[in-house]
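I opened the notebook to look up a few things in this structure. The entries follow in the order I took them.

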Amino acid sequence: LSSVERAYLPERKTTTGKNYKIRYEALNKILDQYKIDVIVNSMWMDATAFWDLFAIFAFAQKTAYEIHSHSFNCYPYMLSGSNAYSLSQLYKLVDGVVVLSDCDIEYVSVFAKHSKHIINPIFLSPEEVKTSDCQEPVVVWTGRFSKEKQPMDIVRAMRRVIDKIPEAKLYLVGSGDETIIEEINEYIDSYNIRDNIIFTGFSSEVEKYYQKALVYVSASKYEGAPLSFMEAMAHGLPIVSYDLPWLTIARDGRGIISVEQGRPDLMAKELVKLLSDIELSKEIGAQGREQIIEMSTIDIGNEWKEFFDSLYDEVESPEKRSYGNIIISNIVQNQQEG
């Protein structure tokens with residue numbers, strides 16, 4: 001937008017550690033020039049998020065500093081080192097934290113003075129999206145070939161589906177780790193299912209693959225706010241996914257069938273059920289589309305405004321801390337010490 005003014009900080013990779021002074025001075029210059037009221041940092045796990053805090057709080061004019069956490073807050077516990085503990089301490093110091101689910105609020109509110117669940121903007125108008133009219137046993141996956149997306153599990157599930165429905169097809173739309181792609185190709189050849197699994201490569205026209213599919217599938221180990229789910233739901237596709245119980249759209253349940261993580265056999269069972277019953281697939285897909293249309297009506301701008309306004313409210317300390325609060329804070333501390 002022409003009305004938006006942009007200011008740029010120096011490259012973060014070259015302004016950390018002993019070189020942070022360069023970033024510090026640039027940040028202070030921007031704060032002074034633009035008289036900034038609130039800073040929102042979406043690089044929630046980057047080391048600069050912590051150091052920027054001190055640069056901002058040292059500035060003469062009070063500027064609120066807020067962290068936008070855009071993935072599941074238990075993700076840092078999968079990483080080695082002190083990532084999870086450091087993040088919890090950062091939450092204690094900043095003015096507020098915005099997360100993507102009510103489930104994350106339960107964690108973040110243990111540490112942060114102010115926290116709020118605000119969904120990501122829905123970048124499409126779901127009511128205007130043409131729903132799929134596919135009548136064939138076609139499954140689609142879109143995304144990045146990476147370890148956490150676990151695309152091999154989808155192919156393992158499809159091998160079982162093909163045993164029941166020989167004409168079933170899977171479109172794998174995306175690019176990524178060549179080692180994973182090579183491993184999948186070896187698996188496909190070993191089970192002679194080359195005609196059933198189609199690699200499309202990267203595509204900027206993913207709509208056409210949603211249009212030619214009956215079901216969307218996901219085997220992600222974790223997600224924060226999967227755009228592919230929203231796209232699939234807008235196109236009226238039911239989703240079969242490994243369980244991601246913290247996601248708001250998964251907790252709602254409409255349009256999504258969840259199975260246990262690491263169980264491609266259970267995923268295959270649900271896929272066979274949907275691919276064998278087109279009416280059931282359309283019914284569940286319509287429920288998901290209904291959910292995404294409702295989400296698109298949320299005034300996200302107003303949600304953010306309310307959050308910004310709340311940053312200056314005084315926070316009353318509760319007389320008694322909840323059991324969950326006590327458990328979470330001690331788990332974080334003990335995990336760091338142990």
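I started with Trp 51. The model is a predicted one, and I read every value below with that in mind. Trp 51 has a relative accessible area of 48%, so it counts as partly exposed. The cut-off matters here: exposed begins over 50%. I then checked Phe 50, which is partly exposed as well, at 31%.

How are the rings of Phe 50 and Trp 51 arranged? I found an edge-to-face pair. The centres are 5.8 Å apart, and the planes stand at 85°. Over 60 degrees is the mark for edge-to-face, so 85° qualifies.

Tyr 20, Phe 50, Trp 51 and Phe 54 form one aromatic cluster. For the whole structure I noted 17 aromatic pairs.

**Entry: a tilted pair**

I turned to Tyr 210 and Tyr 216. Their ring centres lie 6.2 Å apart, with the planes at 40°, so I logged the pair as tilted. Are these two tyrosines buried or exposed? Tyr 210 is buried, at 0% relative accessible area. Tyr 216 is buried too, at 1%.

**Entry: charges over rings**

I looked for charged ends above ring faces. Lys 62 lies over the face of Phe 57, 4.3 Å from the ring centre. Arg 159 has its charged end over the ring of Tyr 191, at 4.5 Å from the centre.

**Entry: positive phi**

Next I went through backbone angles. Most residues other than glycine have a negative phi. I noted two residues that depart from this.

Lys 35 has a positive phi of about 50° and is not a glycine. Where does Lys 35 lie? I placed it in the loop between α1 (20–34) and β1 (38–41). Lys 35 is partly exposed, with a relative accessible area of 46%.

Asn 192 is the other entry, with a positive phi near 55°. Asn 192 sits in the loop between α6 (178–190) and β7 (197–201). With 68% relative accessibility, Asn 192 counts as exposed.

**Entry: Val 215**

I picked Val 215 and asked what surrounds it. Val 215 belongs to strand β8, residues 215–218. Its relative accessibility is 0%, so Val 215 counts as buried.

Which residues does Val 215 touch, beyond its neighbours within four places in sequence? I listed Val 138, Val 139 and Val 140 among them. The list also includes Leu 237, Pro 238 and Val 240. Leu 271, Leu 274, Leu 275 and Ser 281 are contacts of Val 215 as well.

I also took one distance from this strand residue. Val 215 and Pro 151 are 64 residues apart in sequence, and their C-alpha atoms are 16 Å apart.

**Entry: Gln 291**

Gln 291 lies in helix α11, residues 278–296. Is Gln 291 buried or exposed? Its relative accessible area is 2%, so I recorded Gln 291 as buried. Leaving aside neighbours within four places in sequence, Gln 291 is in contact with Met 233, Thr 248, Ile 249, Asp 252 and Arg 254.

**Entry: Pro 166**

I checked a loop proline next. Pro 166 is found between α5 (151–164) and β6 (169–173), in the loop. Pro 166 is exposed, at 55% relative accessible area. I took the C-alpha distance from Pro 166 to Ile 193 and got 9.3 Å. The two are 27 residues apart along the chain.

**Entry: the whole chain**

The protein chain has 13 helices and 10 strands. Its C-alpha atoms fill a box of roughly 70 × 50 × 40 Å along the principal axes. Of its 338 residues, 48% count as buried.

How much of the contact set joins residues at least 24 apart? I noted 71%, among contacts between residues at least 6 apart in sequence.

The accessible surface comes to about 17600 Å². Carbon and sulfur atoms hold 50% of that surface.

Last, I looked at charge. The chain has 35 positive and 50 negative charges. Their mean positions are 4 Å apart.

Definitions and conventions
Residues numbered from 1 in each chain as written. Predicted model: local features only at pLDDT ≥ 70, side-chain atom pairs only at ≥ 80, totals over all residues. Heavy atoms only, no water. Phe/Tyr/Trp six-rings, centres within 6.5 Å; stacked < 30°, edge-to-face > 60°. Buried < 20%, exposed > 50% of the residue type's maximum accessible area, 1.4 Å probe, protein only. Lys NZ or Arg CZ within 6 Å of the ring centre and 35° of its normal. Helix = DSSP H or I, 4+ residues; strand = E, 2+ residues; numbered from the N terminus. Contact = heavy atoms within 4.5 Å. Areas by Shrake-Rupley, 256 points an atom, 1.4 Å probe, with all protein chains shown as cover. Lys, Arg positive; Asp, Glu negative; His and termini not counted. Charge placed at Lys NZ, Arg CZ, Asp CG, Glu CD.
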